[in-house]
Amino acid sequence: MALEIIMPRLSDSMEEGTIVQWLVRAGDHVGEGQPLVEVETDKASVVYEAQTAGLVLELRAAEGETVRVGAPIAFIGAPGERVASETRETVGVGIPSGGVVAEGRSENLHRGDGVPRPKASPLARRIAAERGVDLSAVTGSGPQGRVTRADVDRAAGAEQSGIAAVAPAPAATNGAKGASSVHPLSRSQQTIARRMAESRATVPDIELRAEVQAHKLADLRERLREVTDPAPSLNDFIVRAAALALRAFPRVNAAYRDGAVETFERVNVGVAVAAEETLLVPTVFDADSKAVAEIAQVARTLAARARDGSITPAELSGATFTVSNLGMFGIDSFSAVINPPQSAILAVGAMRPRAVVDQESGEIVARPTFQLTLACDHRVLYGADGARFLTYVRELLERPLSLLV
């Protein structure tokens, strides 16, 4: 019986996906685990693999087509079998890993000379086209040899830290404002815009602020540099402190759903990462049970995967709390937008010397400090709840040895 391959739900917020590239054609034999299709979700572009072996009977969705979660995109069956609506079974497309094309449109799988299209992320394809880079001549460093934006940058001789130029839309005259250009949002940017607007419109948030005296933390990091390469960053300590505080205050490790508060057993901390033309939040799962050094390793790996486009929806889902740090940009403090249905988000500012009062001597001294701003969903957390949580985070960071045990 023909198996119906549907568009799976790969994240809590995913409602639809766009077919980027089919990696098979109607009539191809596929094995279990073979890449089928590259799909762009609301968070990332990923490759999906077959959960069953068989013959590709029909490709139901075309490249570039957006399909709602649960809708059929292809059928796999036995040779000679025809797709009959009354005999279709449904199966999800397997684990994250590429793309599919509707029957009759498989010409997109090959170039005009019959050479298969090289595997590349959508961003890498766009930048390669803009810079005139032949993707077939680029060695991919992504999963399964996939070409990433960084590979295209290297091939084009661009600076690794530079931002690729985006071809502007045709200019239009706009009276006194002069010429204007329209820059359509990417799918990821559209999702961010929608979810953040929903958050501001529906979440009654309150903000609490605290200053952390970080001289002991700074000293500990310097000592760790002698034995750890690289040493954990300030953000790694903050993720660890937040995770321990979430375990101590489970009401913060919660979500507001349909008039009730849902608390979670696992403590999964999302870490905001600025990727190319978007904002991604990879998840450090079970952060409360991870040492600082382990958090540092996981966070660095996830951030690199987020920036090169190889991160999967599974790695961007499941967070119960979020940490957003703009200190590296010199920002002293800021208000972060809660990512529903989470109940809170912690914003971190820059660590810099400031005048403070020494708690023992009472003298004014210059010490490294940084600002924490906790935004709370007031439907879940009242002021006192958030204050106790934030105070505990500050105490842990001001006694950093407690974060190493």
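In helix α6, the buried residues (under 20% relative accessible area, with over 50% called exposed and anything in between partly exposed, using a 1.4 Å probe and protein chains only) are Val292, Ile295, Ala296, Ala299, Leu302, Ala303 and Ala306. Seen down the axis of α6, these residues fall within an arc of 145° (taken from the directions from the helix axis to the C-beta atoms), so they line one face of the helix. Please keep in mind that this is a predicted model, where local features need pLDDT of at least 70, side-chain atom pairs count only at pLDDT 80 or more, and totals for chains, interfaces and linings use all residues. Residues are numbered from 1 along each chain as its sequence is written, and side-chain values use heavy atoms, with hydrogens and water left out.

- Helices (H or I, at least four residues) and strands (E, at least two) are DSSP runs, numbered from the N terminus.
- Just after α6 comes Gly309, which takes a positive phi of about 85°.

- Where does Thr320 lie? This residue is in the loop between α6 and β19 (321-325).
- Thr320 counts as buried, at 5% relative accessibility.
- The side chains of Thr320 and Asn253 are joined by a polar contact of 2.5 Å. A polar contact is a pair of N or O atoms within 3.5 Å; within protein, one must be able to donate a hydrogen and the other to accept it, and residues adjacent in sequence count only if both atoms are side-chain atoms.
- Setting aside neighbours within four places in sequence, Thr320 is in contact (heavy atoms within 4.5 Å) with Val252, Asn253, Ala254, Phe264, Arg266, Val267, Asn268 and Gln342.

- Val203 sits in the loop between α3 (187-202) and β12 (205-213), and is buried with a relative accessible area of 8%.
- Apart from neighbours within four places in sequence, Val203 is in contact with Glu198, Ile338, Pro340, Asp377 and Arg379.
- From C-alpha to C-alpha, Val203 and Asp377 are 6.1 Å apart in space, yet 174 residues apart in sequence.

**Salt bridges**

- Side chains of opposite charge can pair when their charged atoms come close.
- How many salt bridges does the structure hold? There are 15 (each a side-chain nitrogen of Lys or Arg within 4 Å of a carboxyl oxygen of Asp or Glu).
- Glu198, one of the contacts of Val203, forms a salt bridge with Arg194 at 3.5 Å, N to O. These two are four residues apart in helix α3, so about one helical turn separates them. Glu198 is partly exposed at 37% relative accessibility, and Arg194 is partly exposed at 30%.
- Arg209 and Glu207 form a salt bridge whose closest N and O atoms are 2.8 Å apart. Arg209 counts as exposed at 53% relative accessibility, while Glu207 is partly exposed at 25%.
- Glu262 and Arg257 meet through their side chains in a salt bridge of 2.5 Å, N to O. Glu262 is partly exposed, with a relative accessible area of 33%, and Arg257 is partly exposed too, at 37%.
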